[in-house]
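Hello,

Here is the structure I promised to pass on to you. Have a look at it first, and then read on for my notes.

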Amino acid sequence: YGTQTVNEKGHLVIGGVDAVDIAHVYGTPVVVYDTKLFRKRAADFRQSFEKNGMKAQVAYASKAFSSIAIYELAAEEGLSLDVVSGGELFTAVKADFPRERIHFHGNNKSYMELNYAFDENIGCIVVDNFLELSMVKEIALTRKQNMNILLRVTPGIEAHTHEFITTGQEDSKFGFDLKNGQADEAFELAHDVPYLQLLGLHCHIGSQIFEADAFNHAAETLMEKMQVWKESHSFICTVLNLGGGFGIRYTEEDEPLEPSQYVEEMGKVVFDLAKRWNYPLPEIWIEPGRSLVGDAGTTLYTAGSEKEVPGVRTYVAVDGGMSDNIRPALYDAKYTAAIANKMLSPRDTTITIAGKCCESGDKLIVDAVVASVSEGDLVAIFCTGAYTYSMAGNYNRLPRPAVIFAEDGDHQLVIRRETYEDITRLDLSLHQKVRKES
Ligand code: LLP
């Protein structure tokens, strides 16, 4: 499990900090990030480009986990940042993230959000559709302000992953279709507009992908289109953005490649095609989210009630659930668990780890094999760093957990635990008779 270890007390240790101490100090549920692992993953991606002599930007796809502290860490590690909303951009501004390394994504950016991106003079807007293209043009011309853009295209590649998280196939809400002329039309509209610098193309073919081939194929498809525009308009794209989606190991069945393997292969495809077509080697940009934060995060829960269904299973409920990790309920996602205060005890018990939300489907792991567990034990679920806190909600009015960073035996709070006051902060009483937002 990443850089986690076990100490002489038989306790799980994350980032050099005893998980039991973390639970005592911050309470549970709590999400703990081993920030050294994040730094390592970031360096692996960056260095594999450098090693191969390729110019690149590695943007952290922050939808996986967005907070001021993780943005500060990403900046420290030389990453760029992919944001997908005014809210994520605002968070990046609060973290004082270098604006020139912020890339703005999304399939329905509002006029206000686009103007905000111009206000902050960010590095690049990834234009998704015709409405957005016309808004970006109008804003740039009105403000007489330069803006870099990429065109997001749909390359028609079906990577083998969950239906709800594939985005590169043809029937997709994202991007300009490559095959039916939409991308060409967008190119015509975008390539010689004053103030707009069209840097190149973007695609994102899906998430939790294991096969390097899918990325290679995407690289090839986009390079082919770039070559067409070179021939027809002598237009050279300087950036090829291949998105994110690099898979990670949630359970033993998952067999991802190392970051460097994906990068080397896609780099080779781009390099070879550029050579064959005498195309100036474009910069490669990628946007890993899950593979930067996924296995760096562990959620610690406290075990509570237990119910045995004789001959079927035993449920052990924890003090969180689908409100802080909706992935099992939404995608049937699989995780691995351990009893963090009994790491040296034999794993001889099969339990179903249930959440505390009022839904039968709120089960975090079905048939987890763990040490014998009783009320008060600390249940660790691994690999919860991506798309858990960022997708968390207040269903049943459960407060969202605290988030902490741990590194080299030191720990610090980076998101406070929500309080009941936080949960009711926006509520108004009937007696207040408010008729309009102020
Ligand atoms: N770039 C773009 C344009 C994306 O849409 C995404 C993810 C990424 C990068 C980062 O992908 P990653 O490296 O994290 O796989 N909620 C789902 C995942 C949705 C992914 C959406 N887009 C889940 O929990 O599995």
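How far apart do the C-alpha centres of domain 1 and domain 2 lie? In this predicted model, the two centres are separated by 34 Å. The division of the chain behind that value puts 5-33 + 295-423 in domain 1 and 52-288 in domain 2. Where the two domains touch, domain 1 contributes 15 residues and domain 2 contributes 12 residues. On the domain 1 side, strand 20 (402-407) and strand 21 (410-415) each provide at least two of the residues that touch domain 2. That side of domain 1 is made up of 10 nonpolar, 3 polar and 2 charged residues.

The ligand comes next. Its shell counts 23 residues, and the closest are Ala61, Ser207, Gly244, Gly289 and Tyr387. Domain 1 and domain 2 each give at least three residues to this shell. Two helices also take part, with at least two shell residues coming from each of helix 10 (290-293) and helix 11 (327-331). Sorted by class, the residues around the ligand are 8 nonpolar, 10 polar and 5 charged.

From helix 2, the contact uses Arg41, Asp44, Phe45, Ser48 and Phe49, while helix 9 brings Pro259, Ser260, Val263, Glu264 and Gly267. Taken by class, this contact of helix 2 with helix 9 holds 4 nonpolar, 3 polar and 3 charged residues.

The other pair is helix 5 (residues 111-119) and helix 6 (residues 130-143). Here the packing angle is about 45° and the axes are 10 Å apart, and helix 5 and helix 6 are therefore oblique to each other. The crossing of helix 5 and helix 6 is right-handed. Tyr111, Leu114, Asn115 and Phe118 of helix 5 meet Met135, Val136, Ile139 and Arg143 of helix 6. The contact of helix 5 with helix 6 consists of 6 nonpolar, 1 polar and 1 charged residues.

Finally, please look at two spots in the backbone. Most residues other than glycine have a negative phi, and most peptide bonds are trans. Threonine 28 and proline 29, however, are joined by a cis peptide bond with omega of about -10°. You will find proline 29 in the loop between helix 1 (19-26) and strand 4 (30-34). The other spot is asparagine 278, which is not a glycine but has a positive phi of about 55°.

Do write back with any questions.

Best wishes

How values were computed:
Residues are numbered from 1 along each chain as its sequence is written. This is a predicted model: local features need pLDDT of at least 70, side-chain atom pairs count only at pLDDT 80 or more; totals for chains, interfaces and linings use all residues. Two residues are in contact if their C-beta atoms, placed from the backbone, lie within 7 Å. Helices (H or I, at least four residues) and strands (E, at least two) are DSSP runs, numbered from the N terminus. Ala, Val, Leu, Ile, Met, Phe, Trp, Tyr, Cys and Pro count as nonpolar, Asp, Glu, Lys and Arg as charged, and the others, Gly among them, as polar. A residue is near a molecule or strand if its C-beta atom, placed from the backbone, lies within 6 Å of it. Domain bounds come from an automatic or database domain assignment. Axes are lines fitted to C-alpha atoms, for helices over the stretch in contact, and angles run from 0 to 180 degrees between N-to-C directions. Angles under 35 degrees count as roughly parallel, over 145 as roughly antiparallel, 65 to 115 as roughly perpendicular and the rest as oblique. A crossing is left-handed if the near helix is turned anticlockwise from the far one by less than a right angle, and right-handed if clockwise.
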